[in-house]
Amino acid sequence: MVQEVVRLPLAVDEELAVRKNRLGGGGKRLCVVTGTHGDELEGQYVVWRLNRLLREQPQHWKGTVDIYPAMNPLGISTMTRGIPLCDLDMNRTFPGNENGSMSEYIAARLVADMQGADAVIDIHASNIFLREIPQVRINVNTAARLVPMARHLNMDLIWVHAAATVLESTLAHSLNALDTPTLVVEMGVGNRLTRAWGDQLIQGILSLMASMGMWTGPVPQVRDPIVSSDGHVSFVNSPCPGILIPAVEHGTVVHRGEELGLVADPLTGEILQRLPSPADGLLFTLREYPVVYEGSLIARILGADTEKGEDEA
Amino acid sequence: MKEEILFTIDAPYRPALPVRGWRFGSPEGRDLAVMGALRGNEIQQMYVCGRLIQALQTAESEGALSPDCGILVVPCANQFSMNVGRRFWAADNTDINRMFPGYDQGETTQRIAARLFGALQGYRWGVHLTSFYLPGDHLPHVRMMDTGYQQVEEAAAFGLPYILVRSPQAYDTTTLNYNWQIWNTQAFSLYSTSTECADDEAARLAVEAILRFLAVKGLLQRPYFPAAGQPRILRENALHTVLSHAGGLMLNRRAPGDRVEAGELLGEIIDPCTCRSLEQLRADCRGRVFFCHRAQLINGHEVAFRLLPE
């Protein structure tokens, strides 16, 4: 049943409504959330597919699944990453404030609505600049609880990252702080759908539901993810402005010194910089958007010293 | 006065963009750093810096500036966005004022923040002329972060009637003000009335406040108008918020600084298509208008006014 979590009047003959679809009822509750950033659309396919699958196979599951396709409906409808008008990053407004401005109020209502769920999956899709392999990102402070859950999600990588104070204003941090286990999925690239990765995550969601006792149908076989921490990740940033011409495929293994791409000057035809890989490993992030500035992130490489299946929780 | 290029920002398809600073007094002195526009819409903040540079140049040429003092004024670090009418860094929409203290090996705006912080660090006092995240006008005031390092009484030297102390949220920890404070600079955010328009009177007040600060600190030998009594120091949560419930066209009946009685009409929200009244916004206490929403259109559950109770 489609329900409204929050509804507010906009200035001219329109209302803003954040809606969810509640499937089932009673028992354990799983929330699947996406559309916080208006330019991240990979989750739209996932929740569409999940909606259909659960509707078609009611005999195979129990409990409650709440699906939130558009946390930031104005952003999605206008291809805007942040919240239009105030231009705030919605994922820096949590846990929100019931007595604050519109964006803070919406954030507070959403947190209140999800609080107490048995699991929340918050699906992101990088941004328009970077393409990511399917992964779960987990704050090191919550790794002990969340890594075992994340293993079910059928992702290629679990990245356990360092804590940062500024990240305390994310949905995931806010809910985890309220004892509501929340997993952040990152995959694909902004403004696109990657169906294969969406299907991969769907299998993972069913596996997680099975582990929670919510899915009683055939349990999908999930892949064994690489589990890493910041120490194993190398970053490549552009040393100068120009046009990035990649020389490698995203998601492949690269070797130290191998050319990842070059930064070129279209005006003169010069090669401004060649970009060697700083490490052997998996190229799990690769820049998709070709215009670069000094500092623009080009790639992230997961060091080869990370063992498959290593648990750093 | 010495004008210098603190660093340049290289951009594809555009010439290198200089971030310029104007130094006064001794080149070695590190007394006061003033930062203007970090965002592309902070026209007033840049304008205040420009007028401050003129005033300091005059003071220096007349020998009124202490020769040992060191003052740096940086009017703008984001012409990249300002020149194309964008608020945040126009390439990726990130906010430089959410990147401090910066990271010199990081992404573009992290690097800009790192270079800027390198130039602004080490001063005894720092003033950031900043803008509020909501569209609206403030009563001029000084704002400090409650980091545990702040010395609120120092802010009295500006002579502005209000000093507001804010408990930092997680997202505040990457602002210039917060990081200045953490790195041993007494940091003040100075809120002028407007942001996107140059307001002469508000700029005059802001420049006068900074000059008064310098005079009180003994760096400027010139009599300045005394402050109007002791400033009122208040926590941000002492302000009363008047929220809109309707969405529509907002007509302000009161402006920042106006004294109001409880129940008095502050503004009205009307249906923009029919002009039918949708909501009357009234004061919930006796006090002074501290903030009012400026954009003509307003949504439901927005901060329409903030009142300073008396």
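Start by selecting chain B: of its 310 residues, 57% are buried. Keep in mind as you look around that this is a predicted model.

Color chain B by secondary structure next, and you will be looking at 5 helices and 18 strands. How does the radius of gyration of chain B fit a compact globule? A compact globule of 310 residues would come out near 19 Å, and chain B has 20 Å, so the two agree. If you display contacts within chain B, take those with a separation of 6 or more: 68% of them join residues 24 or more positions apart.

Now bring in chain A and select the interface. Here 37 residues of chain B are in contact with 36 residues of chain A. Together the two chains bury about 2,800 Å², with carbon and sulfur atoms giving 58% of that area.

Zoom in on the charged pairs. How many salt bridges does the rule find across the interface of chain B and chain A? There are 2. For one to look at, show the side chains of Arg111(B) and Glu294(A), which form a salt bridge at 3.4 Å, N to O.

H3(B) gives the largest share, 3 residues. Color this side of chain B by class and you get 17 nonpolar, 13 polar and 7 charged residues.

How values were computed: Residues are numbered from 1 along each chain as its sequence is written. Chains are lettered from A and ligands numbered from 1 in the order in which they are written. This is a predicted model: local features need pLDDT of at least 70, side-chain atom pairs count only at pLDDT 80 or more; totals for chains, interfaces and linings use all residues. Side-chain values use heavy atoms; hydrogens and water are left out. Contact means heavy atoms within 4.5 Å. Buried area is the accessible area (1.4 Å probe) that two parts lose on being put together, summed over both. A salt bridge is a side-chain nitrogen of Lys or Arg within 4 Å of a carboxyl oxygen of Asp or Glu. Helices (H or I, at least four residues) and strands (E, at least two) are DSSP runs, numbered from the N terminus. Ala, Val, Leu, Ile, Met, Phe, Trp, Tyr, Cys and Pro count as nonpolar, Asp, Glu, Lys and Arg as charged, and the others, Gly among them, as polar. The radius of gyration is taken over C-alpha atoms; the globule rule is 2.2 Å times the number of residues to the power 0.38. Buried means under 20% relative accessible area, exposed over 50%, partly exposed in between (1.4 Å probe, protein chains only).
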